Each structure stands twice: as C-alpha cells, then as structure tokens.
Amino acid sequence: MKQARFIQHIRSALGHPALIRRPAGTVISGDSHKTSRRLATHARSRGTGQLNALLQSVISNAEGINLKVIVRKNTRQAAATLAELAAAKETEWGEAKQVVAWDHPLIHELDLEAQLSDLDIPVIFTVPGDDPHGTNSADPKVRQAVANAYIGITSADYCLADTATLVMKARPGRPRSVSLVPVIHVAVIKLDQIISDLGELYALLGTDPREAPEGLTNCMTFITGPSKTADIEATMVHGAHGPREVHLMVITGEHDK
Amino acid sequence: MTQTKSRFYVDEAARGIRNPVLQKSLANLQQRFGRATAQSYLELPEGPELRFKAHDMRMAAVENLDILLETLAENVRKNGGRVHFAENAESARDYCLGVARRHKVRMAVKGKSMVSEEISLNDFLADHDIEAVETDLGEFIVQLADEHPSHIIAPAAHKTKEQIGKLFADKLGIDYIDDPPALTQAARKALRQKFLAADMGITGCNLACAETGHIAIVSNEGNIRMASTLPRVHVAIMGMERVTARLADYDVLFRLLARGAAAQKMPGYVSYVGGPRQPGQADGPDEFHLIILDNGRSRILGDPVFREILGCIRCGACLNVCPVYAKIGGHAYGFAYSGPVGAVVTPLLTGIERAKDLCLGETLCGACQDACPVNLDIPRMLLALRAVLAEGNPYWAVAPSDPLQKTMFKTWALSLTNRKRYNMLLKTAATGQKALPRSGGMMTKLPPPFSGWTQSRDLRPLARESFNRCWKRQQRNS
C-alpha cells in the first residue's frame, strides 16, 4: 500500500522504527482547550457597547482594503440602501440586471423582491431544489444565476474585526459562488456576528457547542475585501477574478426613534 | 525526472544582471515588500518574537510528520475526500492524469502552485491532450509567453506592461493596450470563460491542518476560489511538509504567512477545503483529491542538518530582501524555487552537485533569516551545503571536491601555523608576483590554479616588506 510505504519512509528518516505506528499522544490534541473555551465564551458574551467598538474597528480596517462598510439600523433601511445600490451600479458585461441571493433568514427579511421589483431587477434565491439528483451534481440553475448576476447577496457566519474579514461556511442554500462570481458582492450581517480576531474564531470552532459539532464544513471561506492583483508592474488593480466591489452591510438592530 | 536548469546558473545570472527591465522591477519589488514586511512584523500584537514561536511550531510539525500526515489523510477521507501519497513526481502526475481521464477532462484551471511547477505538471498534461490553464494573472502572463515564473508571489515581475500589452494583442486577439487595469480586465474576461467551462481545478496548498483534515489555499485574486469551487473535480497537491497539527497553530502561521508574502494582515481569500460538495449544496466539486508529495523531501528529513528547511512555508519573503536575488532574478535558479530558499532546497531536491552554484552564489549576509516569518536559519544551511560540497558526503552522494584544492588548503594551513614556512611563502610570492600583469597598482591576472580569483576582481600585490619584517628592522635600528 502506497500510504504505508510513504509513512514508513518518514519514520525511518526521523530515526524511528519504520514499521511501528507512533501514538498521536498530545501532538494533535494539545492542551489549549481551557484557553479556547475562555476565548469562545468571551466572544459570545459581548454587550452592545463592546460590539460597537468592534464595528468601529471593522470600519477602520476596511478602509485600507477597499471594503465598503454600510451601517443600518434595521432590515428596512438596509433593504432601501440595497435598492439604491442596485439602481446605481452597472452590469459588467452589458447584460440585463439580475441579482442572486442566499436562501437565508436575514436575507429574506430584507424582502428584496419587493424592493427591486420597481427597478425591474429580478432576484433569484438559491433555494435548495427537491431534485432527487441534486445530491449527485452541482445545481445548474445556481451556476446559471451566478454567471448572469451582477450582484450577489450573502450573509456570513462571522466578521473578524481585526482584519475586516468575512467568514462563511458551506451549507445548503448558501452557495459559495454567490460571493465569488458576480462583479459586486454584498454581505449583510447583524452586529453581534462581529468577533475580534482569528484566535476567537478558532476557539469558537473548537469548543462552542453550536460550532464544534459542525466543524469547518467542507469549505470555510475567508473574504477580506474585493478581489485584487498587483501582478502587472506592481500596480494595484481591483477585480482580478472575483468581485470588484464588496459591500458589508451591518444591521445594528437599534429601534427608530 | 525533475526538470531543472540549475546547472546554467552562472550564465543565467549574468543574463539577469544585463536585463534592465528585470533590474528595475526587482528593485521595485524589494523596495515595496522588503521594508513593509519588516514593518509588519514589528506591528504584530505579540511582537516580532512571534517568528521564534512559529519556528518551534514548524519544527514540531516536521518532527511529527508521520503522525500528522496519517491524521490528515484519515480526516480528509472522513470528510469524503480522497488522498494519494505520491513518493515522486511521476506518481503525482500519473494520479492527476488518472483522475482527469476518469472524468473526461479536456481543460483544467490552475491556481498558482509551485509544487506543480516542481513536478512539471502542465507540460505533462499537455502531452496527454489536457489543457491546463494558469489563472493567477502573473502565471497566466508567463504561460502565454511560454516562460516560467521568476518570483514565487509575483511570477511576471520580469515583464513590463508594454511587453504584456503586446503579448495580449498577439495571443488574446485584442487591440494593444498597456494600462494595468485594462490589461487585468482583458485577462479577467478571457479567464472567466475558462473558469465557467473547466472540468477540473488544480491548486496547491499553503498549509494543511491535521486536526480537522482541511487544506488552506490562499489568493488575492479569487482565482483559487474559482478553481476550487466551479469545476466538477478539485485536485490539490501539497509538499508533504506543509502540514500543521492544530487550528490554533494556524492563527500564528497564517498571520505570519500573509505578512511574509505581501506585508498583509490577511490575504484577500482563504479557503479551508476539507472535502467535496456535501448533499444539498448547490456548488463545489463532486470530488476532492489531495496529493501528498514526497519527491525527495524524506531524504531531506533524514539529515538533521537540513531538516530545518522543511519548515519553509513558501511565502517568498526571503526573495524580497536577498541582494543576490535582486540582481540575478528568479530564472537564474533554474527551478521552481528561487532566491535564498531555492538555493537551499533546489540542490537538496534535485542533487547537490547538479545545483551546486546556487549555494555558492549567495552572500551569507543573513537578510533572508531576518525576513523569514518562521525564522529559518538559511545562512547556516547554505554553509552546510558548501561543506558537503567541499568535504563530500555519502548520504547525499557527493564526492569530495577536487583533491588539488584540498592539498592547497592543507599546504596553506601548514604555512600559516609555522613562522618560518610562512616567511618563505611570502618571499616566494613577493618575488613571483613581479612577473604578473598589473593595472593601476593592482594585479589583474593570477596564474592557474588561482586564476578564478581574478576573473571578476583585482588583487592588491603583496607589500615589498611584510609588517613582521618591517617591525623587526625598526626594533633593530632603534
């Protein structure tokens, strides 16, 4: 067997007996779980004041990477802003305007279809089909929708304040390509989805009762600003292959006065 | 057999030095990234000392490679992925071709992967009628021009925008343009069609995590996300050393990788891929294959002197500070890995004697170690390579260098340790040097076997009277 021989080579190279499997011991598990649990609890228990401080940090870190942060009090305001954005922006390849959006409770709350119907812009939601073959291959309708859309709307699992990074896990109804293929990506999150940094994220993934059983899923993605390149004479250009613009819309949940 | 042109190092280096475009762009790269990276280490919350901690983490991973790789493979399989252990380049290429054949792949999109350069995957697939399209903008340019990357993270650093404009006009059938945003847009348009049509995505792996069974792949352009999301099959290739034990290690290593590579706090995109599309998900590949490559790495692992180089995370930080790389450019190194890390790893992977000029060409100034996010002692390993070349080493199948040199150094040592012999040597040399050509008070040409010394520099002649004699004379006279 290829793997056995391969690993035996490594064991001999390291000076261990080739044929005896070494116990994993603490090599993998480590002993940092206590710290992780503390970090995770801390991340889950921030008050509004602390969350707003993190939001300020998101805003300042977003500047340098050309990520546009929009703060709105509720979903109604957020939806209105989204409609303005959809009206103002042009499609990339001259096609008709079309929006693709995640099948996600927060996105449904925006009631995008009503907002965009005045503009004659159709919204396609990536609702998992009941197609029995759906599990054997990717959904061609979703592929078509993301290829034709100029705006992709998603939520996210978390936003890391330290780097203004969006964290998304792969799940049914929330295709990865919605944040990737359309030229504009809008991510809508609630204030309490902001956490401090990578350390907190990894602590949550490892120890949080909601996160740990699911783990990282088959694909966890970090998005930090729009797609960019500096491969030609070190000149920074946005929109290499992924979105040229990324808007992060944060809903603070304050009530209107 | 791995393709390498390292034996042409001396000629290629000279060619690089004569190339004004290369000189300008390398100076620019080093100005921008070299300093910014150093600054970004200072701004780490834990301070620049975090690099030492990262070094320990990498070395611990290398020392436990057998355990980490078994755990990684087990976890990837648990998530529905497939793992192939390839002991050499041929095995990795054949496996990749086998997957492609099974899926009737005609075209594959590739994310930048140095390890795929190492195993010459593109040429191999092309020979089997499979088009492998490089999608990183720099790699795309280099592939269109039928060249190889000259820098780990800026593959087309050696080309001007005018050259790229002409290349695009020729190969993409568009009008000539030379504005970087317009050129980028042209490539975006051309490659978008490829992404949507490709049957297979091929990527490298920046770091794998054994604990969770994921590989992390990083880009700023989004091309690697495309290649790992849109095609039906995703094949990732990793050098076997690119694995870490726990997610917690990632926190440290990733922050350092981003700073080392491009002085960023966080790369634009990071994907943790741990398996194929799951039931109910609308996109992602139907199959995920991970190829873990040895190709000479276990040989390096077996020598404690050089084991440290397996800690390298291929960020390219050492290229951005190296005074030798800055002058000769990446092509001179003749292999996928250039710069200081290339000077160590290329001889070890492809044969120390075949690539011996690489370690001889470096200056040992130490800038690479200071820039390294995991603080690898590259100068120590360069010296160790030179020692292997001089003394010979059966493990590396290196014969001692020519006996004449060894005899000469022995004679030199004998004369240095005995005053009488040393005086005699000086006297002979002082007389002998009169016959040699001079210019401006300097000797311009030594006779063989010393002629190499004056090939590119002049030698100051010996003083008519040595200090020792002069001192003795004055003591006598006073």
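Which residues make a nonpolar surface patch of about 410 Å²? In this predicted model, the patch is made by Phe409(B), Trp412(B), Leu416(B) and Leu425(B). Helix α19 of chain B, residues 403-416, gives the most to the patch, with three residues. Trp412(B) is found in that helix. Its relative accessible area is 42%, so Trp412(B) counts as partly exposed. The cut-offs are simple: buried means under 20%, and exposed means over 50%. An α-helix has 3.6 residues a turn, so residues three or four places apart point the same way.

Now turn to chain A. Helix α8 of chain A spans residues 140-148. Here Val142(A), Ala145(A), Val146(A) and Ala147(A) are buried. What covers them? The cover for the buried residues of α8(A) includes two strands of chain A, β2 (99-101) and β3 (123-125). Chain B also takes part, through α10 (180-197).

Back in chain B, look at strand β4, residues 200-203. Met200(B) and Ile202(B) point one way. Gly201(B) and Thr203(B) point the other way. All four of these residues are buried.

Which strands pair with β4(B)? One is β2 of chain B, residues 107-110, which pairs with β4(B) in the parallel sense over three bridges. Ala108(B) stands opposite Met200(B) there. Another is β7 of chain B, residues 233-239, which runs parallel to β4(B) and is joined to it by four bridges. In this pairing, Thr203(B) stands opposite Ala236(B).

Note on methods. Residues are numbered from 1 along each chain as its sequence is written. Chains are lettered from A and ligands numbered from 1 in the order in which they are written. This is a predicted model: local features need pLDDT of at least 70, side-chain atom pairs count only at pLDDT 80 or more; totals for chains, interfaces and linings use all residues. Side-chain values use heavy atoms; hydrogens and water are left out. Patches are made of residues with over 30% relative accessible area and no salt bridge: like charges are joined within 9 Å, nonpolar side chains (Val, Leu, Ile, Met, Phe, Trp, Tyr) within 5 Å. Accessible areas come from the Shrake-Rupley method with a 1.4 Å probe; for residues, only the protein chains shown count as cover. A salt bridge is a side-chain nitrogen of Lys or Arg within 4 Å of a carboxyl oxygen of Asp or Glu. Buried means under 20% relative accessible area, exposed over 50%, partly exposed in between (1.4 Å probe, protein chains only). Contact means heavy atoms within 4.5 Å. Two strands pair if DSSP finds at least two bridges between them.
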